[in-house]
Amino acid sequence: MFIEVTLALFGGFLTTLQIFFLTLLFSIPLGLVICFGSMSRFKPLQWLVKVFVWIIRGTPLMLQLIVVYFGPGLLCASMERAGQAGNVIYYIADYLNSFSPFVATIIAFSINYACYFSEIYRGGIESIPRGQYEAGQVLGMTKTQIFFRVVLLQVIKRILPPMSNEIITLVKDTSLARIITCYEIIWAGQKFIKSEGIIWPLFYTGAFYLLFSGLLTILFAKMEKKLSYFKN
Amino acid sequence: MSILNVYDLKKSFGKTEVLKGITFSVEQGEVISILGSSGSGKTTLLRCLNFLETPNEGRIEVNGREIFSADNKELPDRVLRENRLNFGLVFQQFNLFPQYTVLENLTLAAKLRVKEAAKKDKTLSKNQLFESIDKQALETLESVGLSEKKDFYPCQLSGGQQQRVAIARALMLSPQILCFDEPTSALDPELTGEVLAVIKELAQRKVTMIIVTHEMAFAREVSDKIIFMDEGVVAACGTPDEIFCNSSNERICKFISAMSNK
Ligand SMILES: Nc1ncnc2c1ncn2[C@@H]1O[C@H](COP(=O)(O)OP(=O)(O)O)[C@@H](O)[C@H]1O
Ligand SMILES: [Mg+2]
């Protein structure tokens, strides 16, 4: 029985890992784009991005999952009723509606985490003293050179602790995907309650989370140590 | 011909006019000290020369060539960068790049320039140029007495050593005029000597320098000319003896005695 349960949980955990890694893959760069938007000197863009970030950070991720998964379908249905099934918005919504729970999960998670990351990036970038930029400027460096050669590594060093916090939260947040029927590890554990009448597999899922977040904690500690050769 | 001419430079932040028309010139090999109480606009003046601020009015000429004029303020980035290289600036807070070793701090900008040039001109031998930059950096480091620290990181150095590295870094691009903004103000008193010694050494080598400082004895000893700034104007300009011994301006006398007794 134990082996059977372990294998079943592994199946769910694979999905959990996929959600985790794909979310990071998309949200880390997307966060940078949002960050630059929120720091843009073009005020309307800055304002728009800030409102967007506020909405995403100000509402539960669970709600966002539901909106991404069910929203397009509801929109299609109401447009059909209103006799507007032919226009572009309908086709976009219809396309979004065709996404599987897994794809919807990746979309919602990536957007949500990108917004959190963007704020961390912004804090990191703004915490670099102006003198660093000015020293680069005075030495005739371009803005791009200053960002990539002078500022970036210092930003990375500064944002590593808050990023590791968020990323470990993400490990546990993946369980929210269950709400839109994404078959991740919690669901895999829960199934045994119905089918076998046993609850311990559900508790056992905790071990998977602990193991994985433990590995991440070690990894981040290593990275922090690697960047501890300088102070800023 | 003067190496630097500044004509009627004005700079305002919002409604406050910080520089109210600064005119002065510097000759090749001269050391100019700028004195003045806090808030008189000394830092702003140096920042304008280094194109960290854009003046509202005035003109700047280096070697008779106009590099800034209020009529043509919006310079393209490329021109701005070239103009900046006429000047070097040593900051009060050193502003070394913490993630790079001392040697890398000295070579970074020069090597980036080589990389840029190599992109345009494929025949350029990057490695050879990099080697000569490294060699120049070691020599420059030697001249500020820090050869043995070349592989240290800034956080492993004392404030005085960091400032000497910052001076060496500024020298690497061979600026026509090297500016210092209170280079010893952030240092413990026992560390100012080593930095001032390096600057004196540069003066002997006839490096053209503009030094904002509160070190009266040092300014008097090292300067060819002293500019006294007060509320955004040049209140007095002259040889050290003229300023320190026979100044008729009451504010200058007060300032000098206050500073000298510190
Ligand atoms: N970026 C800025 N924005 C607004 N005011 C400034 C700025 N920089 C300097 N000032 C003002 O300009 C005046 C002169 O400053 P500064 O040039 O730093 O003087 P000093 O270096 O002689 O002490 C001060 O009153 C200061 O508050
Ligand atoms: Mg100042």
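Two residues are in contact when heavy atoms of theirs lie within 4.5 Å. The structure treated in these exercises is a predicted model.

**Exercise 1. Surroundings of Thr184(B)**

Determine where Thr184(B) is found, and with which residues it is in contact beyond its neighbours within four places in sequence.

*Solution.* 
Step 1. Thr184(B) belongs to the loop of chain B between strand 7 (177-181) and helix 6 (189-204).
Step 2. With its neighbours within four places in sequence set aside, Thr184(B) is in contact with Thr192(B), Val195(B), Leu196(B) and Glu215(B).
Step 3. The relative accessible area of Thr184(B) is 5%. Buried means under 20%, and Thr184(B) is therefore classed as buried.

**Exercise 2. The largest pocket**

Describe the largest pocket by its volume, by the residues that line it and by the classes into which they divide.

*Solution.* 
Step 1. The volume of the largest pocket is about 900 Å³.
Step 2. Its lining consists of 23 residues, and those nearest the centre are Arg41(A), Tyr133(A), Gln137(A), Lys143(A) and Ile146(A).
Step 3. Both chains take part in the lining: helix 5 (101-126), helix 6 (130-138) and helix 7 (143-173) of chain A, and helix 2 (77-84) of chain B, each supply at least two residues.
Step 4. By class, the lining of the largest pocket holds 11 nonpolar, 3 polar and 9 charged residues.

**Exercise 3. The second largest pocket**

*Solution.* 
Step 1. Within chain A, helix 1 (2-38), helix 5, helix 7 and helix 9 (200-226) each supply at least two lining residues.
Step 2. The lining of the second largest pocket has 19 nonpolar residues, and no polar or charged ones.

**Exercise 4. Cysteines**

Decide how many disulfides are counted over all chains, and whether Cys48(B) is buried or exposed.

*Solution.* 
Step 1. A disulfide requires two cysteine sulfur atoms within 2.5 Å. By this rule, 0 disulfides are counted over all chains.
Step 2. For Cys48(B), the nearest cysteine sulfur is that of Cys179(B), 11 Å away, and Cys48(B) is in no disulfide.
Step 3. The relative accessibility of Cys48(B) is 1%, so this residue counts as buried.
Step 4. In chain A, Cys76(A) is buried because its relative accessible area is 4%.

Technical notes. Residues numbered from 1 in each chain as written. Chains lettered and ligands numbered in written order. Predicted model: local features only at pLDDT ≥ 70, side-chain atom pairs only at ≥ 80, totals over all residues. Heavy atoms only, no water. 1 Å grid on protein atoms, 1.4 Å probe; cavity = no way out; pocket = protein on both sides within 12 Å on 5 of 7 lines; lining within 4 Å. Points joined across faces, edges and corners; volume = space filled by probe spheres on them. Nonpolar A, V, L, I, M, F, W, Y, C, P; charged D, E, K, R; others polar. Buried < 20%, exposed > 50% of the residue type's maximum accessible area, 1.4 Å probe, protein only.
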